[in-house]
Structures are given as structure tokens and as C-alpha cells.
Amino acid sequence: METIWVLGDQLNRSLGALGTATPSTARLLFVESAAKISSKRFHRQRLHLVLTAMRRFAGECREEGFEVDYRAAPHLAAGLEAHRRDFGPSRVMATEPLSRSSWTLLDRLGVEFHRSDQFLCHHEDFAEWARGRRVLRMEDFYRWQRRRLGYLMEGDEPAGGQWNFDRSNREPPPKGPPPWPPPPVDDLDDLDAEVLALLPETAWGDAPTGLWATTRTGALRRLRHFVDEVLPGFGPHEDAMTTRSWHLAHSLLSPYLNIGLLLPGEVCDAVEGAYRRGTVSIESAEGFIRQVIGWREFVWGIYWLRPEMAGSNVLGGTRPLPPAFEGEVGTAMRCVADTLDGVRRRGWVHHIQRLMVLANLATLAGVRPQALLEWMWSRFVDGAEWVMVPNVIGMGMWADGGGMSSKPYVSGGAYIARMSDYCGDCAFDPTRRTGERACPFTTLYWDFLARHRSRLEGNHRMALVLGGLGRLRDLDATRARASEILGALDSGDL
Ligand code: SF4
């Protein structure tokens, strides 16, 4: 009998090699690798999510009648070797792994691959789409996906008459009590406690609270909650940040999509259905579907297309991450403190906090991109190599020099002040770039532009801000303050 090796991010009965398997055609192998668990300082909730979900899924397969070999091993290769010795499978199959390192390892171990259908656009099809294009832009890919998959289409035209409703989706947080319902939470049980007991002492962040589901049933419940209760308010405030609600109207579904408990097609079908029933506006439905079939699949394709991206550092960042990222010290920057608190408590903050607070600060300060990559990959509950390499190296830090976005996603405090309620009670003032109360984002923004002026000069999208830099009368004083801020950032005194 053959064995199907199910990896920790492929936990779905209808996925790849498992889709057609039956208890009479295949036995299943799951390996918990001690080396993998301790390979990074992972967030406790990330380790708990993956390991508990693996154990629960293996149990469900066992109940269905599969013979399941679930084993803990020093590393993946040792787990497979022991399985081969104990069971003598005719061959070992796996659905194509999501990361390049797992692909290389399993291939070397003689595992045969079944084509993955975990994404709506396989990375080979993405490479075909990309062939011959001088510039790869998400918006072009997204429209190709919409046409090809048929989401939110009226014949050949986009529903609502526009491809993109971004302009309607950039509102700051509303005044008054937060209108967004809280997410469902489950009680923890004995299996949760069993997994928590085996986590390494080096694991980072707060313990799980039942926020993150560890079964497909739980993930489907959260999908229903999102579509019925949250999605109608998703669009307008999708880029807003507020201390009054950590989740706003975000779906919180990425952890499940990234380990297979949910699949992108069923999530988009549910959202399209709500739009067709008239319970959700086109702005909200389009904004969400773009995140899934646009951004998420674009990031996935880019990861496979550009293996060199992970090591890129065109802006030459060398600085370590500020100590506040490890939680060793606090910070007076309210936007950063609130965002880091969210990462510590839940292993999750939304895309604008990731991009315009964390990655923005790291880019402006000249942090080594791979230091932020390692941190984000390990500290987020939805972290994975394929997610974080393009998002951190390409988009967040522009370390690939523009392969993913035409200009760096950097801003001073003005953007954060407009899109959040952080600045009001902050020790700093987003409008100041010099003096004690200068907002670090604002000061470092001008310093960043001055540092990289020659590289950015040829970029027409930077012409306006570089023109502003040329007119800055207090540039010397701003750069002197930037140097003080960078020193304080390094020593944990900011
Ligand atoms: Fe962040 Fe600057 Fe606003 Fe403070 S003033 S919250 S540091 S953007």
C-alpha cells in the first residue's frame, strides 16, 4: 500500500493527493519534527495552531478509517525513515509542498509529488502568465484571475462597473463605539493542553486563548461569522488602525487558508454568494476577493518565480531589529507599541499595521531586511516562507529594488495620523521632524529620502516627494535628529 505524507500546512481532506485517497488505497503519515519546531523563535500560538490542527486532522482521518502513522521525530527525514522501516510502503506520495525548502527535502528523500490545488493559480501557471511581461503588477494579475475564475463578473465586465474600489476603502476609523463584532472563541481542551506542554521554552508570545480554530469545523464557523456578520463592514475601513478594536472588520481567515483548513475557492464562493444575495456591497466583496485571488495568489506566484528574492538587500540595510520587537523593552511610539502588543497577544495584526508601521519603520531605519523577514515569519500565526519573503523583502522593505512594487511603501507620521487614532496620545507629534517631540516616522522618512536620493531619482513615482526633499530648509537639523533617533532605537530608549 502507498503512503501519503501530509504536511502541517496541507490539512484538508480534499487537497491534492488526499483528494482521491481512500482508506483502502493509502495510509497516511504525519511527522512532528523537533528540529522544525525549534528552528526559529516561533510564536506560541503559531506552534500550537499547527501542531494541534495536525493532531486533530490526523484523528479525523483515523475516524474515517485511514491507517495513520503519526510520529514525533528529531527531523522530517528521520520521521520518514522510521515510517519506511516500520511500514514498508510501496511508494510515498505528498501533495507538492508550499515552501522551496520542503520541496527540495522531500524530493531528495524520494517522495513523489501530486500537483497541488491549494491555490487557484498554480505557480507554474503564474510563471506562464508572467512570461514575456517586462513588469509584473498585481493589478494586471488580479484582472486576469477575475476573468479566468469568473468572480464578480457580469459577462466580460467587472460587477459594479469597476475592477477596483480602493478609493472607497481608505476611510480612517469611524468615531464612536467600534461597530465590528468580536470573533468567535472556542474553549481549550485536553489536546490543547497536551500540545502546549510540549512547546519549547524559547517559544515567544502569549499562550492561546481559543481565538484561533484548530479544526476545519471551527474554521468554517469563522468563515460563516465573517461573511454574515463582518463582511458588510469590511471595505471602508480595511486600511484603518485603531486602539479601540484590534480586529476591525478583517476576516482573520489567513491562518486557516495558510494551513489548508480552508481553501481559497470556498472562501471566495461564500463572499461572492453574499454579494449576489445583496447582503454585501460590491466595495466590500471586491476588496476582500482582491486580497485572496489577487494579493495572496500574486505573492505565492512571485515566491516561486523569484528564488533570489529572499536574500535581496538593494538598499543596503544593516541595522538589527529594535529591541522592542523582541519585547525586551517598551517603546513610546504609540503606533509601534500597540502593533507589537497585538503581535505578542495574538500573533496577528492586520496588513496595514504590518506594512505601514512595522515594515515602514524597519525600512526607514535601515534594518537588515532578512532580520525583519525572520521575525515576521516566526511571530505571526499565519506566517510561512512563501508569504513572508515577497511581503517583507519585496513589498514591505523594497529590498528587491522594485520587482514587487514600483516604489517603496514608506511614509512619515502623516499617513499613520490620517489612518489611525494612535497619534493623539503619543509622546511624539506627527507634524514635527526636528526637536524632542519629532515623530520618528516623520524624521526618518526625510532622512531615508536623503540617504537614497540617488537610487530613487530615476523613479517618476518618487519625483514629487524628492522635489519636497529639495525644498526642505531644515534638512541638516532633520538628519541630525534622525541620527539621535536611530541611536535611541538601537539602544531601546525610544
Ligand atoms: Fe506613531 Fe509618530 Fe503617530 Fe507617535 S506620532 S503614533 S510615533 S506616527
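Trainee: Are Phe 226 and Phe 288 buried or exposed?

Mentor: Buried means under 20% relative accessible area, exposed over 50%, partly exposed in between (1.4 Å probe, protein chains only). Here Phe 226 is buried, and Phe 288 is too. Keep in mind that this is a predicted model, where local features need pLDDT of at least 70, side-chain atom pairs count only at pLDDT 80 or more, and totals for chains, interfaces and linings use all residues. Residues are numbered from 1 along each chain as its sequence is written, and side-chain values use heavy atoms, with hydrogens and water left out.

Trainee: How many aromatic pairs are there?

Mentor: Rings of Phe, Tyr and Trp (its six-membered ring) pair if their centres lie within 6.5 Å; planes under 30 degrees apart are stacked, over 60 edge-to-face, the rest tilted. The count comes to 26 aromatic pairs. One of them, Phe 126 with Phe 141, is edge-to-face, at 5.1 Å centre to centre and 70° between the planes. Phe 126 sits in helix H6 and Phe 141 in helix H7, 15 residues apart; helices are DSSP runs (H or I, at least four residues), numbered from the N terminus. Phe 126 counts as buried because its relative accessibility is 1%, and Phe 141 is buried at 0%.

Trainee: What about Phe 226 and Phe 288 as a pair?

Mentor: That pair is tilted: 4.9 Å centre to centre, with 45° between the planes. Phe 226 lies in helix H9 and Phe 288 in helix H12, so the pair ties together parts 62 residues apart in sequence.

Trainee: Which residues do ring pairs link into a cluster?

Mentor: Trp 103, Phe 113, Phe 119, Trp 300, Tyr 303, Trp 304 and Trp 386.

Definitions and conventions:
Helices (H or I, at least four residues) and strands (E, at least two) are DSSP runs, numbered from the N terminus.
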